[in-house]
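I opened the model to look up its sheet and the helices that go with it. My notes are below.

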Amino acid sequence: MSAEPITRSLAAERQALSNPSSFVASEIDKLAAGVQDETIPTEFAHRNARRIVEAAYQILERKLGSAERLPAPTFTTDDAGGIRLGWRSGAKQVRVSFGAAPEPATQTYLYFESPVEHHVENLDTENLAERLSWLMAG
Amino acid sequence: VADGGIEGSTPRAFRGLQPPDELFRILRKKIWLDDLHEAFVLRPFEAGLSVCYDCPIDRCIEVLPAPGLNTMYGVAKITVGQVLDLGLVVVPDTPNHALILGISWEEVDFVASRLAELAIIVDRTKRIRR
């Protein structure tokens, strides 16, 4: 038995800071290629996650000049073919779930919370960009 | 173990769980140590969140019925009372295993956040099912 600390590689940290959009796309691709402890997501989930997250980051980059202040998300799966990402900043967080298939649609959603509110929304590019902007607003 | 009990222990009837009783959630992904929220997210194929009770931490992996669970990276502890306070229920299904039930699909992440806030990681040891 051995205790193993969680660390993201230095190279990944640098990429997350210098090119956030490329970083999230490559991390989503890694899930699709197979990652320790994770179930390989469906092509639908992979395609959907990459398209929406990358486009949301590009909106943020256009709007703010850069998405580099955005905290790097966690990347994982729902063990049923779906993909999940989570961003945290202070007491705020944004979570997205990309379901394995178009149906049931309830498995694809955006969740956000702060100490004063929480809600589930449709997961599309605009909503995600808006919520990530909200997350960075402090 | 076929009946979900701890190997070598005497079979016994399920006891009623009380609010102070401790529940242990196995952290079966390394990333859950960093992001405890994800450890409490109900999966699409699950009726409830799987937890162990009346079980030494180092033997939790042996009582889980989940097929394919061969590796764990730690354990998070929460009490029955904390779960009940969230409006959820804890239903034992073997002498050492229970399910946290009552999580609606609309509240999967909200509940995961609350459970993650209340839970404490009590073990960070990688263990492999024997």
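The entries take the sheet, then the helices.

I am working on a predicted model, in which local features need pLDDT of at least 70 and side-chain atom pairs count only at pLDDT 80 or more, while totals for chains, interfaces and linings use all residues. Residues are numbered from 1 along each chain as its sequence is written, chains are lettered from A and ligands numbered from 1 in the order in which they are written, and side-chain values use heavy atoms, with hydrogens and water left out.

Sheet. I found 5 strands of chain A in an open, antiparallel sheet, ordered E1-E2-E3-E4-E5. Strands (E, at least two residues) and helices (H or I, at least four) are DSSP runs numbered from the N terminus, and two strands pair if DSSP finds at least two bridges between them. I noted an average twist of 15 degrees from one strand to the next.

Strands E3 and E4. I looked up E3 (92-98) and E4 (109-114) of chain A, which are antiparallel and joined by 5 bridges. Val96(A) has Leu110(A) of E4(A) as its bridge partner.

Helices. H2(A) and H3(A) pack at about 170 degrees, with axes 9 Å apart; axes are lines fitted to C-alpha atoms, for helices over the stretch in contact (heavy atoms within 4.5 Å), and angles run from 0 to 180 degrees between N-to-C directions. H2(A) is therefore roughly antiparallel to H3(A) (over 145 degrees). Contact residues include Val24(A) and Ile28(A) of H2(A) and Val53(A) and Tyr57(A) of H3(A).

Notes. Parallel < 35°, antiparallel > 145°, perpendicular 65-115°, else oblique.
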